[in-house]
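Try each task before you read its solution.

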Amino acid sequence: MTDDAAATPTCLARPLPGPHDGGTGCAAARGVDGRPLHAAALKFFWGPMDCGKSTMALQMNYNHARQGRRGLVTTRIDRSLGPRVTTRIGLAHSAVEVTDGLDLRALVRDTWAEGVRIDYLICDEASFYDVAHVEQMAELVDGYDVDVYAFGLATDFRSDLFPAARRLFELADEVARIQVEVLCWCGREGLLNARVVDGRVVREGAQVVIGDTVDTADVRYQVLCRRHYRSGDLGPRA
């Protein structure tokens with residue numbers, strides 16, 4: 001083997017259709033040692049409401065895009081009730097709405113077929129996705145060499161894991177709690193998302209009910225420490 005041949009990457013992955021290769025592309029180019037030149041990853045960033053998940057999602061999209069990478073932003077049940085990622089500090093970005101029947105792999109393939117390279121996905125509100133969508137995220141990473149960055153809640157108003165969040169904890173290459181601290185009314189760290197209806201914490205009902213953290217909402221959510229979540233104490237201003 002010549003030195004030039006040794007320096008030439010060898011693709012060991014199965015062929016997958018890329019945007020310009022007419023079906024002869026490679027999922028992950030590899031060196032002669034078999035290790036991927038670019039190891040894509042599935043990363044899950046989680047935290048309670050108000051910790052800045054959507055803000056971080058948009059910041060990550062901006063950081064990657066300004067380096068020439070191309071990505072797609074997806075969401076489900078955003079507070080705007082539309083195909084957008086919105087934040088409480090006023091940032092917003094158009095997004096693909098994830099429906100029950102949407103296949104994230106097909107979304108990437110179709111975008112490739114239009115001649116647009118996809119390097120990464122930003123998946124906001126990922127806790128509301130189906131478990132099947134999480135499996136598709138993992139396949140995009142392993143088979144298509146597409147990075148996937150998922151952002152969402154871990155637990156619902158009953159303090160139970162969302163099914164998609166549970167699967168992300170099981171499958172993700174990296175799981176990170178967002179470090180923006182959210183405080184309970186008492187000053188302790190806020191951990192859990194309480195659903196509040198008619199001024200009291202409710203513990204029964206559908207797992208997903210649209211609401212916000214503003215006091216005027218018919219159904220609202222309030223982040224509480226474990227002690228006050230368990231006692232249902234919303235504080236002196238409740």
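A residue counts as buried under 20% relative accessible area, as exposed over 50%, and as partly exposed in between. Keep in mind that this is a predicted model.

**Exercise 1.** Decide how Arg105 is classed by accessibility, then find its salt-bridge partners.

*Solution.* Start with the accessibility: Arg105 has a value of 22%, so it is partly exposed. Next, look at its side chain, which meets that of Asp103 in a salt bridge at 2.7 Å, N to O. A salt bridge also joins Arg105 to Glu139, at 2.8 Å, N to O. Arg105 belongs to helix H3 (residues 104-113) and Glu139 to helix H4 (residues 131-144), so this pair ties together parts that are 34 residues apart in sequence. Glu139 is partly exposed as well, at 29%.

**Exercise 2.** Work out how Arg167 and Glu170 are placed in helix H5.

*Solution.* First, the two residues form a salt bridge, with the closest N and O atoms 2.8 Å apart. They sit three residues apart in helix H5 (residues 163-171), so about one helical turn separates them. Finally, check accessibility: Arg167 is partly exposed at 25%, and Glu170 is partly exposed at 49%.

**Exercise 3.** In what order do the three strands of the open sheet lie?

*Solution.* The order is S12-S11-S13, with antiparallel pairing. Strands S12 (200-202) and S13 (219-224) are the edges, each pairing on one side only. From one strand to the next, the twist averages 50°. Now follow S11 (residues 192-197): six bridges join it to S13, and Ala194 stands opposite Gln222 in S13.

Note on methods:
Residues are numbered from 1 along each chain as its sequence is written. This is a predicted model: local features need pLDDT of at least 70, side-chain atom pairs count only at pLDDT 80 or more; totals for chains, interfaces and linings use all residues. Side-chain values use heavy atoms; hydrogens and water are left out. Two strands pair if DSSP finds at least two bridges between them. Helices (H or I, at least four residues) and strands (E, at least two) are DSSP runs, numbered from the N terminus. Axes are lines fitted to C-alpha atoms, for helices over the stretch in contact, and angles run from 0 to 180 degrees between N-to-C directions. A salt bridge is a side-chain nitrogen of Lys or Arg within 4 Å of a carboxyl oxygen of Asp or Glu. Buried means under 20% relative accessible area, exposed over 50%, partly exposed in between (1.4 Å probe, protein chains only).
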